Amino acid sequence: MRRVCRCYFIRLFLPLLLLLCGSSWAQAQQGLPGAVLDALRQYRLPPESLSVFVQDINAQQPLLAANADIPRNPASTIKTLTTFVGLALLGPDYTWKTEAYALGQRRGDSLQGDLLIKGYGDPFLAVDDVWKFSRALRDRGLRQIQGDLLIDDSYFAPLNIDPGAFDNKPYQPYNASPSALLVNFQSIEFLFRPDGNQVAVSANPAPTTLRIVNNLKLSRGKCRSQRIAMTVDTPVNGLSTVTFKGNYPVSCGESSMYRAVVPARAMAAGTFLNLWQDQGGTLSGAIRATAVPADARPLYTQPSRPLAELIRGMNKYSNNVMTRQLFLTLGAERFGPPATLAKSRNTITEWLAEQGLQMPELVLDNGAGLSRQTRISARSMGRLLIFASHSEYGPEFLASLPLAGIDGTMRRRFRKEDLLGQARFKTGTLNGVRAIAGYLRSRSDRTFAVVMLHNQTGVQNGTGSRVQDALLRWLYEQ
């Protein structure tokens, strides 16, 4: 009789025990964790504005999927798609090239003709790289160019993009447009410093195609009263004029700003010419654009850094124009030059279909996230992350993501918590958008793919990050 009773009570309470043990799991699958709901309530953010997808990379089903199939603006987290597809299609050792052609006869150190420079979309052709390129030509015995400096940037089709269309800030470096011959991200550092009774202004790089008009006045007072106004005139004969005016307090000491004020083609030509002249080279002609003749052979070819290295800048520091360079390169490599946005979008959607990762809701704009049109669901991005984690290029991809509390756009988050170094996330921020996509290793040594896409007015002003942090702290303990 005692044995019968024991079995009876087990049968009676077993469903309740299973329900209690599995309550947290059921809550996770059916809705957002309490900590996340509390954060949403605290900041008066509607739960329906947030999409979340969480899945152990070795599991078959998600731990959490809330609003996961709603297409949302992912901001810069879309770079995870562009950079991983880049690794998969091009390989981590892929390099871009920049070529120099001597079009004419060589007589000693003189070229009786034109020097042509052709670009293929190198995302990281910095000032030091242009110096190296110029030095290589000098080392090959070239000093005088008795002709023109020609630029061939035809590997990318003209995009005709208004750099101010996104936020009416056309000279911010993050708005720089891609170019097949992009030098220093099209960005110039302007340095301001007190010098006697005036303010000295210098530029680095200092392209010959840039003219600076300095109308700044040195003043007294606290540094926060600094007022530097910048105007940029429409280029005339390839020369861009930038004018600075306003008051600059002595107490500010040295300061700088980065701006993209010279069009890409003129930036490339002017930067090369400035460094060429610094190294003793001369040019007797003008700057103009043309294509490489069909029968020409390069005098010198300079490779870029490998893709596996460059995606670190794209993801850790969210470099928009670098990612756009990669995005266009994908289309040119698959369908042939010139690169176009349409070719690149087709390249990515075709690759996704080949891998069984169809994303019918996906809307790709420029591949970098600086867009109001881009759309993807949290589930689709999560599936991509899980696929990437098991790929042969997974280690290179993971290493490119910002590490919590350590580097990139995650360097200030979780610095004094157990989560330090346990999460790798690409972040994304636009007005009305806050997003993360990446991986978290929990306290129990499980690795989760995590995507949070939050689209709501004002969410970019810190509140979105606090909601994200609530989820990540909860997940770390799972």
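Q: Which elements do the buried residues of α3 pack against?
A: They pack against β1 (50-56), β18 (447-455) and α12 (463-476). Bear in mind that this is a predicted model.

Q: Which residues of α3 are the buried ones?
A: Buried means under 20% relative accessible area. In helix α3 (residues 34-42), Val 36, Ala 39 and Leu 40 are buried. They lie on the same side of α3, because they cover an arc of only 100° around the axis.

Q: What is exposed on the other side of α3?
A: Exposed means over 50% relative accessible area. On that other side, Arg 41 and Gln 42 are exposed.

Q: Which residue just after α3 takes a positive phi?
A: Arg 44 does, with a phi of about 55°.

Q: Now the sheets. How do strands of a sheet pair?
A: Through backbone hydrogen bonds, either parallel or antiparallel.

Q: In which sense do β10 and β11 pair, parallel or antiparallel?
A: Antiparallel: β10 and strand β11 (residues 240-249) pair over four bridges.

Q: Where is Ser 251 found?
A: Ser 251 sits in the loop between β11 and β12 (255-259).

Q: Is Ser 251 buried, exposed or partly exposed, and why?
A: Partly exposed covers the range between the buried cut-off of under 20% and the exposed cut-off of over 50%. Ser 251 has 47% relative accessibility, so it counts as partly exposed.

Q: What does Ser 251 touch, not counting residues up to four places away in sequence?
A: Ser 251 touches Gly 221, Lys 222 and Cys 223. By contrast, take Ala 296, 45 residues from Ser 251 along the chain: their C-alpha atoms are separated by 56 Å.

Q: Last, the whole protein. How many helices and strands does the protein have?
A: It has 12 helices and 18 strands. Along its principal axes the C-alpha trace spans about 110 × 60 × 35 Å. Of the 478 residues, 51% are buried.

Q: Among contacts between residues at least 6 apart in sequence, what share joins residues at least 24 apart?
A: The share is 71%.

Terms used
Residues are numbered from 1 along each chain as its sequence is written. This is a predicted model: local features need pLDDT of at least 70, side-chain atom pairs count only at pLDDT 80 or more; totals for chains, interfaces and linings use all residues. Side-chain values use heavy atoms; hydrogens and water are left out. Buried means under 20% relative accessible area, exposed over 50%, partly exposed in between (1.4 Å probe, protein chains only). Helices (H or I, at least four residues) and strands (E, at least two) are DSSP runs, numbered from the N terminus. The arc is that of the directions from the helix axis to the C-beta atoms. Contact means heavy atoms within 4.5 Å. Two strands pair if DSSP finds at least two bridges between them.
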